[in-house]
Amino acid sequence: MEYVIELKNVDKEFKVLNRHEGLKGSFQDLFSRDYKIIKAVNDVSMNIKPGEIVGYLGPNGAGKSTTIKMMTGVLQPTRGEILVNGRIPYKNRTANAQNIGVVFGQRSQLWWSLPLIESFKLLKDIYGISDKDYKDMLTLYESLVDIKELYSKPVRQMSLGQRTLSDILAAFLHNPPIVFLDEPTIGLDVSMKAKIRNLIKALNKEKNTTVILTTHDMGDVDALCERIVIIDKGTMLYDNDIEHLRSFFGAYRTLLIKTKKHPEELSEDEKNAELTAVETIVKEDFTDKDFTFATTDEGWCSILIDESQVRLMKVLNHIQEKMKVYDVRLEEISTESVIRKIYEDAENLKKAN
Amino acid sequence: MKRLGFYISIYRKIIIQDIKSKMSYRSDFIISMIGMILTDVSELLAFYIMFLNFPSVCGWSYHEMLFLYGFSLVALTPLQCLFDNNWHLRHYVYDGEFIKYCFRPINVFFYYISEDFDTKGLGQFFVGMGTIVYAWYKLDLPVTFVNIAALIVALFAASLFMVAIMNIAAASCFFLTNSGYIMVTMNKFRDYAKYPVTIFPIFFRIIFTFIIPIAFIAYFPSLVILRPAEIPFLTWFSPVYGIIFFYISYRIWMWGASKYSGTGS
């Protein structure tokens with residue numbers, strides 16, 4: 001078996017009632033048969049090899065969760081084929097569940113009131129893990145993270161970070177060929193994020209587990225994923241490795257300028273006013289060129305420039321003539337801006353492809 | 001399909017662990033137990049006061065009524081102890097949290113229901129047993145093997161009915177967004193279970209026998225012990241009905257669960 005996951009032209013449609021407005025409309029809805037069809041996933045195809053870590057990205061409501069639910073056998077695709085471990089997931093949910101691990105957002109799947117080790121023991125029974133495999137796995141866990149001190153702690157008393165950690169370990173416990181992680185680092189502090197990323201990477205390396213990861217945190221992508229798949233409005237926009245993506249946007253650079261002495265002290269409105277001022281200046285001279293403007297957390301104005309259209313230095317010179325600039329920084333395009341760029345103009349990308 | 005032995009062994013382990021963890025919150029455990037006992041005892045008191053004024057209700061004596069009441073308490077214990085998680089179902093469904101029960105290689109109904117063991121029900125069980133024993137003694141019922149066996153079978157059948165009713169009521173949340181009142185209403189019906197069905201007008205008697213079969217929770221099964229001479233023919237089938245009704249409720253629950261996951265996030 002060359003691929004652990006195969007998706008071929010997968011569609012998923014939902015039937016939604018066309019709602020009418022107002023009180024009268026609500027009464028109409030009671031008897032209405034007026035449905036519209038919403039395409040949550042539209043003609044998605046991908047093949048995933050054993051041991052890959054795939055970042056599955058897209059804005060909220062893009063169809064990520066729907067795809068994952070189809071791969072885990074909870075949802076049935078409207079059209080198309082899905083094979084997971086060579087099996088059709090929705091036709092036999094339990095057999096599929098035996099061979100995957102799932103961590104879904106912030107919803108802990110462990111027994112809320114039980115100490116962690118008791119949850120592990122129950123999972124051992126549920127998945128039929130042999131004594132030896134179970135012991136080996138715990139030894140591996142103990143070598144990777146400080147899990148021992150959590151064993152006797154009930155899940156309800158854990159911090160979010162500890163709970164996420166425990167949930168991830170629980171998902172890998174029966175050594176499934178595939179693990180789905182839905183936003184595993186959401187809401188965690190920086191050091192906990194790093195810990196979770198290292199853990200995922202180590203488990204993937206040690207057990208050659210395929211990991212499908214959805215996230216909005218580009219740190220996760222940079223740290224873990226060799227390959228990313230981007231989806232928006234149900235349609236696949238991109239499927240390739242991350243280096244290819246960056247080189248694709250190689251002509252883009254980010255210009256950061258400081259227009260006030262202490263921009264970090266400005267209010268949100270003042271920051272936006274600064275940005276608008278810069279935007280006006282740039283746009284009046286380079287009317288036909290594309291830029292992306294944003295404010296950083298420290299109050300700097302960031303301008304994403306396509307150097308194949310206009311040289312960055314030219315833009316900077318122009319700004320300096322018109323207003324006082326206190327400081328300047330240049331940055332290569334970050335993964336984050338690349339992804340944002342893709343969401344923003346999916347159409348351009350399609351043309352370029 | 002996994003074997004029955006597998007599920008029993010897992011169920012036993014989950015329940016032991018759950019009870020252990022609940023007992024570790026000692027004051028919480030004791031107070032909720034006492035609360036449940038007080039509720040039941042105060043109802044017994046109401047019975048007693050009522051019978052100070054009336055010698056019998058529709059031909060049912062005080063001690064027969066006590067028996068019926070105790071019987072209904074014990075019959076409701078499995079519902080209270082083992083199926084209490086049904087009360088939370090609509091919250092899980094409403095905020096999408098229910099999906100997490102779909103990722104394990106075991107039956108979804110089993111996984112969901114086994115998650116919680118409500119220790120409050122134990123207090124109810126002891127009050128109920130005490131009441132049955134007291135009424136048994138006062139009514140001078142014979143203590144024979146057949147009688148005890150009949151009592152156990154009758155209790156088993158009776159509890160299935162109430163569990164099935166609440167399963168269906170809980171499953172309504174898969175189909176309706178505001179289903180809380182259905183559970184509350186159905187739960188109210190169990191108050192009627194402790195009266196002989198003959199005190200109700202014929203209309204309700206039919207409803208309580210065939211539509212919402214609460215007459216099977218205490219009335220019909222108790223007749224087997226109390227008045228074996230005047231048992232309606234239906235009674236003999238109540239264990240079979242109980243199993244069938246429970247199975248139907250399970251299918252409805254599972255159907256709802258599969259429909260739920262079909263509606264997306």
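Biologist: How many residues apart are B:Lys22 and B:Asp18 in helix H1 of chain B?

Modeller: The two are 4 residues apart, so about one helical turn separates B:Lys22 from B:Asp18 in helix H1, which covers residues 4-24 of chain B. Helices (H or I, at least four residues) and strands (E, at least two) are DSSP runs numbered from the N terminus. Before we go on, this is a predicted model: local features need pLDDT of at least 70, side-chain atom pairs count only at pLDDT 80 or more, and totals for chains, interfaces and linings use all residues. Residues are numbered from 1 along each chain as its sequence is written, chains are lettered from A and ligands numbered from 1 in the order written, and side-chain values use heavy atoms, without hydrogens and water.

Biologist: Thanks! And how do the side chains of B:Lys22 and B:Asp18 meet?

Modeller: They meet in a salt bridge, with 2.8 Å from N to O. A salt bridge here is a side-chain nitrogen of Lys or Arg within 4 Å of a carboxyl oxygen of Asp or Glu.

Biologist: Which residue forms another salt bridge with B:Lys22?

Modeller: That is B:Asp116, where the closest N and O atoms are 2.6 Å apart. This pair links distant parts of the chain, 94 residues apart: B:Lys22 belongs to helix H1 of chain B, while B:Asp116 sits in the loop between helix H5 (108-113) and helix H6 (120-138) of chain B.

Biologist: Is B:Asp116 buried or exposed?

Modeller: B:Asp116 is buried, at 17% relative accessible area. B:Asp18 is buried too, at 3%, whereas B:Lys22 counts as partly exposed because its relative accessibility is 24%. The cut-offs are under 20% relative accessible area for buried, over 50% for exposed, and partly exposed in between (1.4 Å probe, protein chains only).

Biologist: Let's move to chain A, then. Which residue forms a salt bridge with A:Asp232?

Modeller: The partner is A:Lys233, with 3.9 Å between the closest N and O atoms. A:Asp232 is buried, with a relative accessible area of 12%, but A:Lys233 is exposed at 66%.

Biologist: And what are A:Asp11, A:Glu13, A:Lys39 and A:Arg79 linked in?

Modeller: Those residues of chain A are linked in a network of salt bridges.

Biologist: Switching to the backbone: what is the phi of A:Asp43?

Modeller: A:Asp43 has a positive phi of about 55°, although it is not a glycine. You'll find A:Asp43 in strand E2 of chain A, residues 35-48. With a relative accessibility of 43%, A:Asp43 counts as partly exposed.

Biologist: OK, and where is A:Asn85 found?

Modeller: A:Asn85 is in the loop between strand E4 (79-84) and helix H3 (93-98) of chain A. Its phi is also positive, near 55°, and A:Asn85 is a residue other than glycine. A:Asn85 is buried, at 15% relative accessible area.

Biologist: Now the end of chain A. In which helix is the place of A:Ile342?

Modeller: A:Ile342 is in helix H12 of chain A, residues 335-344. With a relative accessible area of 0%, A:Ile342 is buried.

Biologist: What separates the C-alpha atoms of A:Ile342 and A:Ile231?

Modeller: A distance of 9.8 Å separates those C-alpha atoms, although A:Ile342 and A:Ile231 are 111 residues apart along the chain.

Biologist: Zooming out, how many helices and strands does chain A have?

Modeller: Chain A has 13 helices and 13 strands. Its C-alpha trace spans about 75 × 55 × 45 Å along the principal axes. Of the 353 residues in chain A, 52% are buried.

Biologist: Last one: what domains does the assignment of chain A give?

Modeller: It gives domain 1 (43-247) and domain 2 (251-332), with bounds from an automatic or database domain assignment. The C-alpha centres of domain 1 and domain 2 of chain A are 39 Å apart.
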